Amino acid sequence: MVTPATPRPIGDVPHALAAWPTIAAELEHRAIAVFLDFDGTLSPIVADPAAAALLPGVQPVVARLARQVPVAVVSGRGAADVAERVGVPGIHVAGSHGFEIIAPDGSSHDQPDAAASLAALEAALDELETAVGDVPGVVLEPKRFGLTVHDRMVADADAEAVRAAATTTGERLGLRVTHGKRVTELRPDVDWDKGRAVRWLLDRLGDADVVAVYVGDDRTDEDAFAALGPDALTVMVAAPDDERMTRARFTVADPGQVRDLLARLADHLDTTES
Ligand SMILES: O=P(O)(O)OC[C@H]1O[C@H](O[C@H]2O[C@H](CO)[C@@H](O)[C@H](O)[C@H]2O)[C@H](O)[C@@H](O)[C@@H]1O
């Protein structure tokens, strides 16, 4: 059982690139597995969720890492959607916040209790199409095991009503409702999240001593930081003046610094033996 690290203000968390010598020493001669969030981590946040794409230079470094160590992308997006956007073969992809996992050989694993919520998710989509589908700027993004209601492109005057409608509908249908970066997310109300998915993947890698490197930017990534505990190399993507709390051990400011950190990790793996 892992004891989660204690949350602290993001501004108090050391910067991963400044702390690189310490990190490199910690990783020396250790087996590593890399877990990466997508939106806000590998891909800059943009207004239209359909337009999100890897930051230039990220794909080659993720591909390079995937040739060195196990790599998984862990996203709130649907697994097929995020796999296509990342476009790197040989990696695991955990989509719908970890409810659907695609292995490098293409085989897939759905969290077994999630299917019971498929009817509720369909009903939520129908209801919200009627209730808020015509509000200018609203984007409804259904995934295999989730529904995201986006309000980033909605006028400020309407955004709260959109969030309230999504919350009310989700709760009435027995779904779990969470709020992220200008999104209301509906998913199965099952004891499963990115943290459980990452631990599930680690169990299958078959090396109890592997060090998990996890990089993410949002509340759902905090579930992974908590599940991995203080021995993992957890990195929060956030500006130093961000007022949130995090359980991550390090920060970087943006996806450009994520790319730089991953490149350092790949260089390190080239020069050391695990
Ligand atoms: O776990 P993640 O990979 O970070 O996915 C979380 C949600 O990210 C996406 O929405 C966010 O990014 C959009 C594109 O930059 C942005 O428009 C939106 O405001 C953000 O919340 C994605 O569209 C969702 O499905 C994910 O659940």
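**Terms and values**

Student: Why is Leu 36 called buried?

Tutor: A residue counts as buried if 20 or more other C-beta atoms lie within 10 Å of its own, as exposed if 12 or fewer do, and as partly exposed in between, with C-beta atoms placed from the backbone. Leu 36 has 24 other C-beta atoms within 10 Å, so it is buried. This is a predicted model, in which local features need pLDDT of at least 70 and side-chain atom pairs count only at pLDDT 80 or more, whereas totals for chains, interfaces and linings use all residues. Residues are numbered from 1 along each chain as its sequence is written.

Student: What is Leu 36 in contact with, leaving aside its neighbours within four places in sequence?

Tutor: Contact requires C-beta atoms, placed from the backbone, within 7 Å of each other, and on that basis Leu 36 is in contact with Thr 41, Leu 42, Val 73, Val 74 and Val 215. Leu 36 and Val 82 are 46 residues apart in sequence and 11 Å apart in space, C-alpha to C-alpha.

Student: Where is the place of Leu 36 among the strands?

Tutor: Leu 36 belongs to strand S2 (residues 32-36); strands (E, at least two residues) and helices (H or I, at least four) are DSSP runs numbered from the N terminus.

Student: What makes S2 and strand S11 (residues 211-216) a pair?

Tutor: Two strands pair if DSSP finds at least two bridges between them, and five bridges join S2 to S11, which run parallel. Val 34 has Val 213 in S11 as its bridge partner.

Student: In which sheet do they stand, and which strands are at its edges?

Tutor: The open sheet of eight strands has the order S6-S5-S4-S3-S2-S11-S12-S14, with mixed pairing. Strand S6 (108-110) and strand S14 (250-252) each have a single partner strand, so one side of each is left without a neighbour in the sheet. Neighbouring strands are turned by 20° against each other on average, direction ignored.

Student: What about the other sheet, and which strands are its edge strands?

Tutor: An open sheet of four strands has the order S7-S8-S10-S9, with antiparallel pairing. Its edge strands are S7 (139-143) and S9 (176-180), each of which pairs on one side only. Helix H4 (residues 118-132) packs on this sheet, touching S7, S8 and S10, and its direction makes about 20° with that of S8; axes are lines fitted to C-alpha atoms, for helices over the stretch in contact, and angles run from 0 to 180 degrees between N-to-C directions. Strands S8 (residues 146-150) and S10 (residues 183-187) pair in the antiparallel sense over four bridges, with Leu 147 opposite Leu 186 in S10.

Student: How do you know that the ligand lies between the two domains?

Tutor: Domain bounds come from an automatic or database domain assignment, which gives domain 1 (8-111 + 192-271) and domain 2 (114-187). Both domains give residues to the shell around the ligand, so the ligand lies between them. The centres of the domains, taken over C-alpha atoms, are separated by 26 Å, and the contact takes 19 residues from domain 1 and 17 residues from domain 2.

Student: How many residues surround the ligand, and which are the closest?

Tutor: A residue is near a molecule if its C-beta atom, placed from the backbone, lies within 6 Å of it. The ligand is surrounded by 23 residues, of which the closest are Phe 38, Asp 39, Pro 49, Ser 75 and Gly 76.

Notes
Two residues are in contact if their C-beta atoms, placed from the backbone, lie within 7 Å.
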